[in-house]
Amino acid sequence: PPYVPTSVANPINNYGRSKWDGECVIRDVMNVAKSNSDCRGRGIIVRVPLLYGEDCIQLDESPALEMMKVLLPATAGTTIKKKKIDNWALRFPTSCEDVAKALKLMIDRALIDKHFDGTYHVSSPHGITKYGLLQLQSQLLNVPKSELDERAVGNDDNPSAANPLAAPRPQCTQLN
């Protein structure tokens, strides 16, 4: 990493393979259409990392927010158990609004340039682990560090090594 749009793909789990298979099908459709007509077949493939929205109502609407559930108060009769949060894999959370702006610019260009196509990356350059993101979110919400420390701990282990049943994951998926 960082991966560029022309990097050789080597998906290491089913999720990655399904995304790559989808890209290959889209490319095939675009190439067939291009050979049949001068104006059909134009298209772009846009790769994005972990996305977040500024207007989420529920924490589980975004993987970038769901770990904040550890900060919610305990329900009556339950105790708070310290949760391990991934501190191994580097993610690049990107705003859905930023992706939408980039897509608008791409569409505008495609309208004036009939040869505009290809694969593009739209990603924040700022990497952070899930635990690092939780720490940042806690600071923004003025949650005392002592309270965060009671509820969560960073887990520096490779999830695949710690759990043989877990899908293998790359440590860094930075897009350039």
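L103 sits in helix 3, where helices are DSSP runs (H or I) of at least four residues and strands are runs (E) of at least two, numbered from the N terminus. This is a predicted model: local features need pLDDT of at least 70, side-chain atom pairs count only at pLDDT 80 or more, and totals for chains, interfaces and linings use all residues. Residues are numbered from 1 along each chain as its sequence is written, and side-chain values use heavy atoms, without hydrogens and water.

Helix 3 covers residues 96–112 and also holds L111. L103, I107, L111 and I112 make a nonpolar surface patch with about 450 Å² of accessible area together. Nonpolar side chains are joined within 5 Å, like charges within 9 Å. L111 lies 35 Å from C172, C-alpha to C-alpha, and 61 residues away in sequence.

A negative patch also lies on the surface, made of E54, D55, E61, E97 and D98. E54 is in the loop between strand 2 (51–52) and helix 2 (63–66).

Exposure classes are buried (under 20% relative accessible area), exposed (over 50%) and partly exposed (in between), with a 1.4 Å probe and protein chains only.

| Residue | Relative accessibility | Class |
|---|---|---|
| L103 | 32% | partly exposed |
| C96 | 37% | partly exposed |
| E54 | 48% | partly exposed |
| L111 | 66% | exposed |

The disulfide count is zero, with a disulfide being two cysteine sulfur atoms within 2.5 Å.

Methods. Patches are made of residues with over 30% relative accessible area and no salt bridge: like charges are joined within 9 Å, nonpolar side chains (Val, Leu, Ile, Met, Phe, Trp, Tyr) within 5 Å. Accessible areas come from the Shrake-Rupley method with a 1.4 Å probe; for residues, only the protein chains shown count as cover. A salt bridge is a side-chain nitrogen of Lys or Arg within 4 Å of a carboxyl oxygen of Asp or Glu. Lys and Arg count as positive and Asp and Glu as negative; His and the chain ends are not counted. The place of a charge is taken as NZ of Lys, CZ of Arg, CG of Asp or CD of Glu.
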